[in-house]
Amino acid sequence: MHGTLPNLVASASASLTGVPQGAQSSSLPSQTLYMAPGPIGMGRPVLLALLVPATLALLAPFWLLASQLASDPSAREIVAHRPMTALLLGGGLIVLLAIFAVPLASLARSILQRRHVTIDGGFVHMTVTGLAGSGSWVEPISAYRGLSRRVRSSHSGVMQELVLVHPRRARSVVVRSAPQISQEQVDFLAHAFNLAEIPSR
């Protein structure tokens with residue numbers, strides 16, 4: 001059986017309505033389930049479009065100063081006689097980079113990164129592609145602590161996420177994302193993966 005996990009959860013949980021718990025089969029992990037990456041929405045691209053010109057505007061004076069120092073010997077002499085001024089300017093540049101440039105790079109990386117998840121034979125396969133290249137890993141479902149329902153707010157709105165929680169945070173996997181996730185769907189996946197539901201914090 002092959003299909004996207006959100007659609008399978010919706011159809012399978014509906015078919016299990018009214019079936020005794022003992023009659024349900026924990027066969028989901030033995031199926032090949034591919035989770036296509038969802039749309040990123042407009043929130044992050046819009047935020048990126050706003051941050052890029054703002055960051056460039058804040059860094060422009062430092063660029064002009066660096067150009068002046070490179071072309072004007074007298075400017076270099078002034079800085080050489082006032083090392084504290086140079087330290088203050090350097091510290092200001094570092095602060096601006098920490099506040100704007102680093103989050104900007106992280107935001108751009110998250111927009112361009114794609115995560116492809118396949119659950120097959122009781123194992124979670126993850127492939128990540130992005131600016132830095134691609135990588136992959138495999139974890140048995142038994143290595144996960146459980147399923148946790150979380151609420152995420154962003155510029156795109158409020159979404160509920162159902163997360164396979166791993167002791168290593170980087171290997172936790174969102175298996176369902178929707179405006180509303182029913183308790184029936186949570187129970188179905190928890191039973192299928194043989195994992196407990198972890199109360200959200």
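A contact here means that heavy atoms lie within 4.5 Å. The exercises below use that idea on a predicted model.

**Exercise 1. Describe the overall make-up of the protein, from its elements to its contacts and surface.**

Step 1. Begin with the secondary structure, which comes to five helices and nine strands, and follow the elements from the N terminus on, where they run β-α-β-α-α-α-β-β-β-β-β-β-α-β.

Step 2. Turn to the contacts between residues at least 6 apart in sequence, of which 56% join residues at least 24 apart.

Step 3. Finish with burial and surface: buried residues make up 26% of the 201 residues, while the protein exposes about 12,300 Å², with carbon and sulfur atoms supplying 63% of that area.

**Exercise 2. Find which residues and elements build the largest nonpolar core.**

Step 1. The largest nonpolar core holds 21 residues, and those touching the most other members are Val-124, Leu-147, Leu-164, Val-173, Val-175 and Phe-193.

Step 2. Two or more residues of this core come from each of β3 (114-120), β4 (123-130), β7, β8 and α5 (183-193), and α5 gives the most, with five residues.

Step 3. Take Val-173 as an example: leaving aside residues up to four places away in sequence, Val-173 touches Val-117, Val-124, Met-126, Trp-137, Tyr-144, Leu-162, Val-163 and Leu-164.

Step 4. For background, nonpolar side chains in soluble globular proteins tend to be buried together.

**Exercise 3. Locate the salt bridge and decide whether its two residues are buried or exposed.**

Step 1. The cut-off needed is 4 Å between a side-chain nitrogen of Lys or Arg and a carboxyl oxygen of Asp or Glu, and by this rule the count comes to one salt bridge.

Step 2. Arg-171 forms this salt bridge with Glu-139, the closest N and O atoms being 2.8 Å apart.

Step 3. The pair links distant parts of the chain, since Arg-171 sits in the loop between β7 (157-165) and β8 (173-178), whereas Glu-139 belongs to strand β5 (residues 133-140), 32 residues apart.

Step 4. Both Arg-171 and Glu-139 are buried.

**Exercise 4. Work out where the predictor's confidence is lowest and where it is highest.**

Step 1. The average pLDDT of the protein is 74, and 74% of the residues score at least 70.

Step 2. Confidence is lowest in strand β1 (residues 2-3), at a mean of 42, and highest in strand β9 (residues 197-198), at 88.

Step 3. Over residues 10-32 the pLDDT stays under 50, and the model has 43 contacts beyond four places in sequence for them; residues 36-40 are also below 50, with seven contacts beyond near neighbours in sequence.

How values were computed
Residues numbered from 1 in each chain as written. Predicted model: local features only at pLDDT ≥ 70, side-chain atom pairs only at ≥ 80, totals over all residues. Heavy atoms only, no water. Helix = DSSP H or I, 4+ residues; strand = E, 2+ residues; numbered from the N terminus. Buried < 20%, exposed > 50% of the residue type's maximum accessible area, 1.4 Å probe, protein only. Areas by Shrake-Rupley, 256 points an atom, 1.4 Å probe, with all protein chains shown as cover. Core = buried A, V, L, I, M, F, W, Y, C linked by side-chain atoms within 4.5 Å. pLDDT = per-residue confidence, 0-100.
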